[in-house]
Amino acid sequence: MKKCIICKNNIEKYVAIEKKYLELPLKYGSKQKSRSETLNADEYSCPFCYALDRDRLCALFLQELLEKTKTLEINILDIAPSGAIKKFIYSNSGKDTNYYTADLYMEDVDYRLDVQDMKDISNESFHLVICCHVLEHVKDDKLAMKEIYRILDRNGLAIILVPLDLNQTETDEEWGLTEAENWRRFGQGDHVRKYAKIDFVNRLKEVGFKVNEMRKADFGEENYRQNALTDTSTLYIVDKNLNNFSKKRELIQNFVDNYKQDFDQMNRIKGEINYWIDCCKEHNGQILIWGWGYFVCENSRYTKAKIVFQNHLSMEEKVFAFDLQKREDIQTTFGENGNNYYYSGIALSYALNIFENGTYNIFLKLRNSEKENLLLIYKEFHVSN
Ligand SMILES: [Zn+2]
């Protein structure tokens, strides 16, 4: 008996892949005998939750990662999301996990976008990106890889999978062929390339990724058996090559440690800010940032901060950006009270008259030299003159 990691049902045998995927390439004249790295054609999908073998492989990795990041605010982007993975992430993540979906064609996604040009997504804004079986469909896969690199946090991880036939020695690709030609050369009517493994890995490396291959030895024989994964099934996890992992297993721990540090600090700062917003009420509408400068300057790995005040109705924004390492910056932005920021008293203050009557949202962003953190806090406050 086997057990699907995603729906936890006991399974005698998973369902074989639809025959057309094996027959059509031959029908259209493919002569090549294929040897898939990950596909298990005989036991392809779960009879209960329809999870594919590659979904189950991803879930083996996600299970541990989601468990360890339950208390953190992790932003996940799933490109061309699979229903099974979506369900798995929803049921295994903590309440602070932000799971977003993206696709060019699907209606019910958070971002309608082309993976080759994700202009709606800002730099380094996702901690985990999942992109499974997408790159073999797009015209310029290098552009798509660069985009994933761009939107990935500097300490982030991305799962990138494509169909790999181990008999393929060179990548074969051509855009704009007939469906029949696609079936013959690339194994599916809407694929535009068939990767050679070495070339897939090299392309990822060329855009700057470090490629970590996780296999049976990493996930354990029993997990592979339960989920009917073939012995050669391999999960590709890429990172920005800024950390030195000596072992593959450290990927997850390193990921967790990095973000734990960020989010511990974020939570402290959130507490601080809630406090100064309360103080604001008591001080006749003056907005005080109480002790915040001390916290951020003394304990922080961040070097820059930005506070955005957005008018509730007009959505107009007033932005204050400053360098936390420069005392002058804080003084210029916030006036003389900034003098005291070292000593934790009233760090920063705004006069009431810079705001008109109304309700404002406050966003705080912190940033070290290369990374702009996502939104750290969102809070409403009211000013009346
Ligand atoms: Zn299942």
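**Zinc site, cysteines and rings in a predicted model**

Of the 385 residues in this protein, 52% count as buried. The model is predicted.

Reader: How many helices and how many strands are there in the protein?

Author: The model is predicted, and its elements are numbered from the N terminus. The protein has 11 helices and 17 strands.

Reader: Among contacts between residues at least 6 apart in sequence, what share joins residues at least 24 apart?

Author: The count covers contacts in the protein between residues at least 6 apart in sequence. Those that join residues at least 24 apart make up 67%.

Reader: Which residues coordinate the zinc ion?

Author: The donor atoms are SG atoms, at 2.2 to 2.3 Å from the zinc ion. Along the chain the donors follow the spacing C-x2-C-x38-C-x2-C. They belong to Cys-4, Cys-7, Cys-46 and Cys-49.

Reader: What is the geometry of the zinc site?

Author: There are four donor atoms, with angles of 107 to 114° among them. Four donors count as tetrahedral if all angles lie between 85 and 135 degrees. The site of the zinc ion is therefore tetrahedral.

Reader: How many residues apart in sequence are the parts that Cys-4 and Cys-49 tie together?

Author: Cys-4 sits in the loop between strand E1 (2-3) and strand E2 (10-11). Cys-49 sits in the loop between helix H1 (20-27) and helix H2 (53-68). The pair therefore ties together parts whose separation in sequence is 45 residues.

Reader: Is Cys-49 buried or exposed?

Author: Cys-4 has a relative accessible area of 0% and is buried. Cys-49 has 14% relative accessibility. Buried means under 20%, so Cys-49 counts as buried.

Reader: How many disulfides are found in the whole structure?

Author: A disulfide is a covalent bond between the sulfur atoms of two cysteines. The search covers the whole structure. The number of disulfides is zero.

Reader: Which cysteine sulfur is nearest to that of Cys-132?

Author: Cys-131 is in no disulfide, and its nearest cysteine sulfur, that of Cys-132, is 7.1 Å away. Cys-132 is in no disulfide either.

Reader: What is the relative accessible area of Cys-132?

Author: Cys-131 is buried, at a relative accessible area of 0%. Cys-132 is buried too, and its value is 15%.

Reader: What kind of aromatic pair do Tyr-100 and Tyr-111 form?

Author: The structure holds nine aromatic pairs, this one among them. Tyr-100 lies in strand E4 (residues 98-103) and Tyr-111 in strand E5 (residues 111-112), so the pair ties together parts 11 residues apart in sequence. The centres are 6.1 Å apart, with 50° between the planes. The pair is tilted.

Reader: Which residue joins Tyr-100 and Tyr-111 in a cluster?

Author: Tyr-100 counts as partly exposed, at 30% relative accessibility. Ring pairs link Tyr-100 and Tyr-111 with Phe-126.

Reader: What type of pair do Phe-200 and Tyr-236 form?

Author: Phe-200 lies in helix H6 (residues 197-206) and Tyr-236 in strand E11 (residues 235-239), 36 residues apart. Both Phe-200 and Tyr-236 are buried. The ring centres are 5.2 Å apart and the planes stand at 80°, so the pair is edge-to-face.

Reader: Which ring does the charged end of Lys-240 sit over?

Author: Arg-56 lies over the face of Tyr-14, at 3.8 Å from the ring centre. The charged end of Lys-240 sits 4.6 Å from the centre of its ring, which belongs to Tyr-149.

Notes
Residues are numbered from 1 along each chain as its sequence is written. This is a predicted model: local features need pLDDT of at least 70, side-chain atom pairs count only at pLDDT 80 or more; totals for chains, interfaces and linings use all residues. Side-chain values use heavy atoms; hydrogens and water are left out. Donors are N, O and S atoms within 2.8 Å of the metal (3.2 Å for Na, K and Ca); water is not among the atoms, so sites may look incomplete. Four donors count as tetrahedral if all angles lie between 85 and 135 degrees; four count as square planar and six as octahedral if opposite donors are over 155 degrees apart and all others between 65 and 115; anything else is irregular. Helices (H or I, at least four residues) and strands (E, at least two) are DSSP runs, numbered from the N terminus. Buried means under 20% relative accessible area, exposed over 50%, partly exposed in between (1.4 Å probe, protein chains only). A disulfide is a pair of cysteine sulfur atoms within 2.5 Å. Rings of Phe, Tyr and Trp (its six-membered ring) pair if their centres lie within 6.5 Å; planes under 30 degrees apart count as stacked, over 60 as edge-to-face and the rest as tilted. A charge sits over a ring if NZ of Lys or CZ of Arg is within 6 Å of the ring centre and within 35 degrees of the ring normal. Contact means heavy atoms within 4.5 Å.
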